[in-house]
Amino acid sequence: MIAWTIYLTFAGAVVLLVFPDVLARWIALLTAIAGFVLGIVAFVRTPVADLAHFMTIVSVPWVPPLGMNYHLAVDGVSLTMVLVTGISAVSTVLFSWDVDHRQREFFFWLLLVVGGCYGVFLSADLFLLFAFYELVIVPKYFLIAIFGSTNKEYGAMKLTLYSFFGGMFVFAGILAAYATAGSLDLSQLVQFHFSPQLQSWAFPVLFLGFAVLAGIWPLHTWAPTGHVAAPTAGSMLLAGIVMKLGAYAGLRVAMNLFPEGFHAWSKWIAVLAVIGIVYAAAVALRQHDLKFVIGYSSVSHMGFVLLGLATANALGVSGAVLQMFSHGVIAALLFAVAGRMLYRRTHTRELDALSEMNLSHALPFAAFAFVIASAASMGIPGFSGFAAEITILIGVWKTYPIAVWITGAGMVLVAAFTLRALVKSFFGEVRMQTGRVSTDADWNEQSITLAEKCGACLLMFATLAVGLYPKFLLDRIMPAVEAMRFLK
Amino acid sequence: MRALPRQLRLQRDRADMSYLELIKLASPEAVVVITALVVLAVGLTSRRTGTICSGIAVLGLAGAIGAVLMLPRKANLFGGMLVITPLTSLFKIICLALAFFTICLVRSEKSLRHPGEYLAIILLATVGLMLLVGSEELLMIFIGLELLGLSLYVMAAFDRNDARSAEAGLKYFLFGSTTSAFTLFGISLVYGMSGSTGLAAISDKLAAAPVQPLLATGIIMTLIGFAFKIAAAPFHLWAPDAYQGAPIPSAAFIASGSKVASFVVLGKIVLVGFGPVHGSSAWHAMTAGWSPVLAVLAALSILIGNLVALAQTNVRRLLAYSAVAHAGYTLLGLVAGSRDGFSATLFYAATYAITLVGAFGVVAVVRGETGGDDLKNFSGLAARAPLLAGCMAVFMLSLAGIPPLAGFFGKFYLFSAALRAGGNYGLLWLIALGLFGSFVSLYYYLIVLKAIFVDQPSLETSSSPDRSSSDLLQQITVTVLAAAILLLGLMPDTLAARILAAVS
């Protein structure tokens, strides 16, 4: 049943092309909600014990002579990712409710990204996974280049070429695994013992390829420019789920297939991850554009995911998966507030300009949502960010104690730039009584719309629910991670 | 006394039988030749017979496809001069289908003043393709090459009012005739060394004796002719001008049918004829043979094609350089030298040909509307003609190797076959180059799509009212081709399994 998330999303993308522009957003919303509900139902109804291993749901021969199968499977990790994809998709559609030109095209590309993400999270065949993975690249280009803002063509091209650059390494790694083992089925490949010599070069090639999409330092620079150039929906999808594709595929494919290569290289991944956390946080502290702040904060938070993966113990890796969920929700919320709620009304993202507008009074709901998102992003207990990061850090403590100290310093920086952005954007001192906002003629018509409130509430609920009761997700993630074979 | 006439009669019977046999086995070619003559005759009667002529041509092609389907599964005449296998039948059908789509493009080409003659030449070129595909004998292959080549030279130069078309034809002719001379010389050397022109016999001879320098020279010279036909660097210099200057249907046919048939016959020559002197192109263990020659051609094509394409502003020129790059990828399968590799090469060449005919179809419409085929003529196409824009996106993304289109599967198949065949990752260097090339290529394909989808229209379009009927046909053609690319990407098994079964 969970496989229908993929079919419904692609069907929705095709169907909305046929209908007139005005219906596009409704079809997209229905499709996204259908995917979300399917994810929830599967999550609640699948017995927890079944999610401990990668359970096949569909397996049909696709290209028999080459051993390609249309093989989908699900376990606790992929189900968690399907859930966050559903949440992001629904809120993304809600936050693009007022796209006013070429709506069909917009929602078509958007649903292609969502459908491709579902596909990656559920694939159990290497070729299928790679096909879905590459499928996501080009729609992002059009979403950004057509509908984006600041320097959009540059940002779109940079992002696309980076993704494809990573894809080139992934391609090479997959070919190496395929040519050696003669199979593309993940469940068979994880049984195959690759020679240590092959693993020692194939693992870094494959993992690095995936990690480009996860924003690993120093190949992260596409992320901030891409996020800034993208329309709000684009940034939400990028930060919410697309960056997770890289981390998820790194975990599912690279680490599972080449465990020895992983153990040999894991400390270097940890080093890059820690540099990413601290460096991106420090850069974010110096940004003037609110979206750049959030863009770099995404890189910093994805550093936690990579650090969690590098620990190679169940706790750290489970924390990384939880962080993928948590950051997917939080980043979507942050971008929604910055890109949609603020920018559409104030037409600026400059922190200095925003600080003179007294926005906490003008837009109380936006202020509220941003406070929640910032708190979650900083890792305040009670929000999902805390649950995820503390799990990761406990895992890291077992493997790389020194990294915990450096990361701790990084977290102070994260808190610093988040608070700075929060204060400047919403709680600035009002110097002029008549700010730009109150003189804006359209202002009254632009109070926060119902669609925006629904989207924001969904995201806030998700981060709070997981923050207060992380066991709900962890009970399903942990057994699945413990069943993977790369654990030390 | 009484025995002699009987013997003579028997001989005559045998000759009769083999003529009948010959007619039967060569019926597809015969049908196309007759169609060409009929089209030529009808075309001479009046200048306004374009519709009738193309109708006849289409019927003839359909009849030829029917004749191919009626052929026996396997036959071999005159020591390989005419060979029928599932592979040749499959590719004869593909060549005929490509000719059919090319003729669909001719309908709307206003600049062609003598449609009857033009169509007849396309049909003759198609005969050349079918002879090439269906022969395993060097002389016959050379005749096929020449028939194809001469037809294509005329097709490239057909637009008498356009200096660019004349330039395209002349360049194509000069390069083509020079490389033909090389090939003929190479064939004569191979014949001199092996004593036969049949590929199977050559293979037996080569297996028995070590490679001598003269034979190596012969092999390399033979390959040059094909490197020219598939536009592999450094024999690609004609391609940009021919693609840009020739009438669009000619360019489409040069890029599609001619390439597919050349890859089929090149594969046969190197794998069947020169099989024993494969050599090795593995990075640390290169040994002499044709494989390193092709590997060098492939590497040069991938690098030169992709890097030069980056700087193009004319879409047809861009397609030409990308064609050079794709020739490089396609050669990878032959370099691998395995059954899988050959099958991957054929799959890639076939899907590439379909893509290019479609892309040229879109170019033809844009040229008809805006009078040019530079990138700026494409700007804002998505707003003017969403369907065409979508089809162009399918073609460009398939060329770039983006799923779920045929080019993605094709690349995966090619690269995986090459990696598996090389032994101990010997061909990894070439695959890495191919991957790098396809990474670079995404940029220029996206530039085309950026013009179509993102840029604002910069030129006034001349939408004349009389363009409706031919435009509709063209749109249908392009849409069908785009759908084919999508379906071949979603279900590659339909074609890949057939090719794999046919290659044995």
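**Figure 1. The contact between chain B and chain A in the predicted model.** The contact, in which two residues are paired if their C-beta atoms, placed from the backbone, lie within 7 Å, takes 25 residues from chain A and 27 residues from chain B. This is a predicted model, in which local features need pLDDT of at least 70 and side-chain atom pairs count only at pLDDT 80 or more, while totals for chains, interfaces and linings use all residues. Residues are numbered from 1 along each chain as its sequence is written, with chains lettered from A and ligands numbered from 1 in the order in which they are written.

**Figure 2. Helices of chain B on the side that touches chain A.** At least two residues of this side come from each of helix 19 (406-422), helix 20 (428-453) and helix 22 (493-502) of chain B, where helices are DSSP runs (H or I, at least four residues) numbered from the N terminus. Helix 20 of chain B gives the most, with 10 residues. By class, this side of chain B has 23 nonpolar, one polar and three charged residues, counting Ala, Val, Leu, Ile, Met, Phe, Trp, Tyr, Cys and Pro as nonpolar, Asp, Glu, Lys and Arg as charged, and the others, Gly among them, as polar.

**Figure 3. The two domains of chain B.** Chain B is divided into domain 1 (18-270) and domain 2 (278-504), with bounds from an automatic or database domain assignment. Their C-alpha centres lie 21 Å apart, and the contact between them takes 42 residues from domain 1 of chain B and 46 residues from domain 2 of chain B.
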